[in-house]
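Hi everyone, thanks for coming. Let me walk you through a structure that may be new to you.

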Amino acid sequence: MSTPLPRALMIGLFGGIAGLHVSLVGIVNTFQTRDLIADIVTIGSVLPMLIAIMVGWLAGSTPKHLPPASRSSTLLHGAAAGTVVGLILAGLALLVNSVNLTWILVNARPQLAEILYFEQGPGLGSVIIIGGGLLLGAAGAGLHLLPATIARSVAISGIVTIIAALMEPFIGAVLRNVELRAIEGFLYQSGGLTVQGFILVFVLVAAGIYGWAKRGDRAKARVAAMPPDRRRAGKLIAFAVLFGILLLLPQIVGQRLSEVVGTVGIYVLLGLGLNIVVGFAGLLDLGYVAFYAVGAYTTALLTSPASPVFNPELPFWAALPFVILAAAFIGLMVGAPVLRLRGDYLAIVTLGFGEIAREIFKSAWAQPVTGGAQGILSVPEPLPFTRDPQSIYYPILFFCIIAAIAATRLAASRVGRAWNAMREDESVAEATGINTVKYKLLAFGLGAAFGCVSGAFFGTKIGVVFPDSFNILVSINALALIILGGMGNIAGVVVGALVLVGLPELLREFAEYRLLIYGVVLVVMMLLRPEGLLPSRSRRAELHEVSDGDDDDMYADEAGIDTGRPVVSS
Amino acid sequence: MRGRRIRFNLVNLFLWLLGGGLLAFAGFGSFLTLAEGRIQPSQWQSLVIAGIALGSVYALIALGYTLVYGILFMINFAHGEVFMWGAFTAFFAATALNDAGMMVSNPVLAFFLVLATSMLVSMLVALMLERVAYRPLRGAPRLVPLITAIGASLFLQYTARGFYGSGVRAYPDYTLFDGTISIGFLSLSVKQAVVILSAVGLMLALYVFINRTRTGRAMRAVSEDKDVAAMMGINVDRIIVTTFAIGGLLAGAAGILYTLIFNQVLFFMGFLPGIKAFTAAVLGGIGNVIGAALGGLILGVVEQLGPNLFLSGYGVPSPNQLKDVIAFSVLVLVLIFRPSGLLGRKENT
């Protein structure tokens, strides 16, 4: 049983590198200010512990081609890997304490060592780090020894509990808002869970997951056995309840969180539009921000009294049809030059378009029209709704619902099928009589329309339009959220926007590492679950059919999202 | 069938109008600028030389794109970040050597030390990138590695931000490279000369490596046909790793040369040079090594000269703000009119 030991040590090494990264990038320091359990454990010091547990769990698992390991060797491997993590972090703490590296690594401050040592000083602290790594690694490996359902309940409820602690600003605010201060006081204290709150959340979630694992199949079978009309009625009721909650949401969550919900809504709109271009038609557009910018600028030009040359001062709603027209026009302008480019070339050229748009809006040359770097001020409110986050929520919600319905219907229509065929294989689609030029332009035009409406609301929501709000990161943001949620799926867009836009807005600690986390999300999703969290059914089938094939060429042909070089199709 | 032809013609017509319009705009602008004699001859000359210096940096980065594309048919979107890591490493190495007094006592050795460390670190970053983000996805649908590359690019960028801070850091000055040289009627700063000479030297070394060594021959074979190369006993995986390593080395060198010109480092600095170098690679014909060098030089000169030449004739205020717009327009125009690039193989079109 010696072969898995080097593997365990290797896993430990990678875990240690992850620990170094998390520490030096500043995440540990930042989350030191947040408590997991009030006044006992901070989230910052839990992070290295989590890494040790994960590493132990990974090291304790046996690769498929080896016979199952004995109990003691599983624990041993976990402990070995955890110890490696502990050693590496202890080394980091020692280094940080003895050498001044802050001129290179801004986070390598003595404070970091303090956190890693659990504020026990170098001597005892090192023992704690290494011993803790050993124990936690063994504990992580120990999860394999428990029955699978129990292990899963424990692991998931552990994660949920940490999320519950992180979400204190959100859950606490909601509880205060709906006058449930007693519960809030019971669960939370000074920005973290209380001891009793921690135990309660952990036990409840674990029991819930355990119960679902035991009984869930029976419940699903009962639903499946229901007659179709009753199932439909059930679905309708579910939709009605959801709609009711959506309508009351600003009142439930209160003023500050409505702001966040509004931002999420704007990104849902943006994601739905990008989803048409990328998810349905398979055209990877990295310059989607151009549409968003055009929407915001057109709105500002048409409505704002501060617009430099041209100010008809239309009301917001009268300007909106022109915004959509401008969008369709700009969609065609961007779409036409890239019609013949496939795949990665298209991505880079559209990225170029996005940057061109921003640079032009920002330049002194365009200043007479767009206000240059100062932007356009005093964009009016979308009356009768005001800029108040609890009020502007409703038009945004309305357009999100319209867009979601439109996207669903489009996907199921002839157009949607044509896009589907085009995404799968452009040449075959063309051979079967699909006019790819038309459908590509349609995808760009519709995507642009959604993006422009989103931009219009962005402009009216914050009341000013600056060129620097429209950088490449907006495109990346929208792309990351549809990939996380699942390309081609509307529910996926909503989930993606909630996780990638909502969470960072809520957790100011995250805001700084938001793009770092996006990067990790994009890479990890592509490596582990390219279909996203909530994939559309056909997309999941496609990608899994693909991953069964071994032959490279067959792979590319079947997935066929696009072919290689810049092919001119005429 | 007839309707189809007309539609295609409409698209073509639109593209020709767009491209022709842009070219005419640039041409007429140049005519106006030259006719009005807005800029002194010495200014033209210094702009061209600055363009060549910048272009040789682009060329070094573009080589990384082109080599990887030639072998994997994949755009290594994160290559700009490899360059940025090289620049940061060069910054820290130079600062350390400066504090140790070596920049004064032995400046030539110090320069080569800095160059070596930054090339090494960039190479390591490129290798890690290949191992973690690209190798597991080899053979996956094309968009998948591209999205991973975007993710990896964000990760590298914001890791640098977390590690090194979000501010601009000013570079220590190499007193060795102060002053100017005059060759006949040409005069250029020593820094520019160093940048151009180093870039040319590295490109020559690469050319010899690809054309004269065994590994180079294997690289060419793999880029012709991976499967056949594998059958001939070439270790394709090793060649791919070598390619990424070379791309990384060149990007690291580009990192220090770029900081020589601009004298500062920032975590976001890899983005624009990365895209522009990609433009250069496409301009020269992606997959073509000489093309990448040529494309880099042309793009550098166009970027430096373009705003003043094309735009100032129209009386555009501060035309240099629009230099990125010109660079990206070049990309769009090339892809419309000659997607295989200047030196690209014809069968690519």
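I'll take the two chains in turn and then look at where they meet.

A quick note before that: this is a predicted model, where local features need pLDDT of at least 70, side-chain atom pairs count only at pLDDT 80 or more, and totals for chains, interfaces and linings use all residues. Residues are numbered from 1 along each chain as its sequence is written, while chains are lettered from A and ligands numbered from 1 in the order in which they are written.

Chain A has 25 helices and 4 strands; here helices (H or I, at least four residues) and strands (E, at least two) are DSSP runs, numbered from the N terminus. Its C-alpha trace spans about 70 × 60 × 55 Å along the principal axes.

Chain B has 13 helices and 4 strands. The C-alpha trace of chain B spans about 75 × 60 × 40 Å along its principal axes.

So where do the chains meet? In chain B, 48 residues are in contact with 53 residues of chain A, contact meaning that C-beta atoms, placed from the backbone, lie within 7 Å. On the chain B side, the elements giving two or more residues are helices H1 (2–36), H6 (143–164), H11 (271–284) and H13 (323–337). Which of them gives the most? That is H6(B), with 15 residues.

By class, this side of chain B has 35 nonpolar, 10 polar and 3 charged residues. Ala, Val, Leu, Ile, Met, Phe, Trp, Tyr, Cys and Pro count as nonpolar, Asp, Glu, Lys and Arg as charged, and the others, Gly among them, as polar.

Definitions and conventions: Two residues are in contact if their C-beta atoms, placed from the backbone, lie within 7 Å.
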